[in-house]
Amino acid sequence: MSDYERSRTMPALPEHVFDQASTVSRLAGWLPSDLHVHEAQGLPAVTVHEDRTGEDADALFRTQPDRLRVEWGTRDSSTYAGWLQVTGVGAGASEVTVHLSFFDERHDPGEETVRTALERSLERLEEQVRLRVDNAG
């Protein structure tokens, strides 16, 4: 089993960050560009398409608004799981932590690849949050 985790502070209220991160239709704005998530038979069921392999995977996507937490993972296999947690750090800022666990080493793309993808995803999430906050104000 492999675990990876990255965090980033964002200049936005936790609720704004969570809203952007927890809405299926907005996931493309911050997930790695080769992953595409589509609602399947109604949440929490989703389908994840990976461009690199050309494969679709049945997955689950759950939100916990009261905890500002998002959880996901494969539905019919124990391949991977992850979560994203938003925490307020005061003065209108938030800390976002994203965590991935690969239970099947054959599906782990490797430490450097995952860490780079997590960093880039957090950067893209921050960009999307900034755009929404700037356009709302």
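The model is a predicted one, and its chain is made up of two helices and seven strands. Read from the N terminus, these elements follow the order β-α-β-β-β-β-β-β-α. The radius of gyration of the chain is 15 Å, which agrees with the value near 14 Å that a compact globule of 137 residues would have.

**Overall build**

- The C-alpha trace of the chain extends over about 45 × 35 × 25 Å when it is laid along its principal axes.
- When contacts between residues at least 6 apart in sequence are considered, 51% of them join residues that are at least 24 apart.
- The side chains of the chain include 14 positive and 25 negative ones, and the centres of these two sets are 3 Å apart.

**Strand β7 and its two partners**

- Strand β7, which covers residues 93–102, is largely enclosed by the rest of the structure, because nine of its ten residues are buried.
- One partner of β7 is strand β1, residues 2–10, and the two pair in the antiparallel sense over nine bridges; within this part of the structure, Asp-3 stands opposite Ser-101 of β7.
- Another partner of β7 is β6, which pairs with β7 in the antiparallel sense over ten bridges; here His-99 in β7 is the bridge partner of Trp-83.
- Strands β6 and β7 form a hairpin with two residues between the strands, and in this hairpin Ala-91 takes a positive phi near 55°.

- Most residues other than glycine have a negative phi.
- Against that background, Leu-68 has a phi near 55°, which is a positive value in a residue other than glycine, and Ala-91 likewise has a positive phi near 55°.
- Leu-68 is located in the loop that runs between β4, residues 55–64, and β5, residues 69–74, whereas Ala-91 is found in the loop between β6, residues 80–90, and β7.

**Ala-21 in helix α1**

- Ala-21 has its place in helix α1, which covers residues 14–22, and this alanine is buried, with a relative accessible area of 1%.
- Which residues does Ala-21 touch, once those up to four places away in sequence are not counted? They are Leu-27, Trp-30, Phe-61, Val-70, Leu-84 and Leu-125.
- The C-alpha atom of Ala-21 is separated by 9.2 Å from that of Val-86, although the two residues are 65 residues apart along the chain.

Methods:
Residues numbered from 1 in each chain as written. Predicted model: local features only at pLDDT ≥ 70, side-chain atom pairs only at ≥ 80, totals over all residues. Heavy atoms only, no water. Helix = DSSP H or I, 4+ residues; strand = E, 2+ residues; numbered from the N terminus. Rg over C-alpha atoms; globule rule 2.2 N^0.38 Å. Contact = heavy atoms within 4.5 Å. Lys, Arg positive; Asp, Glu negative; His and termini not counted. Charge placed at Lys NZ, Arg CZ, Asp CG, Glu CD. Buried < 20%, exposed > 50% of the residue type's maximum accessible area, 1.4 Å probe, protein only. Pairing = 2+ DSSP bridges.
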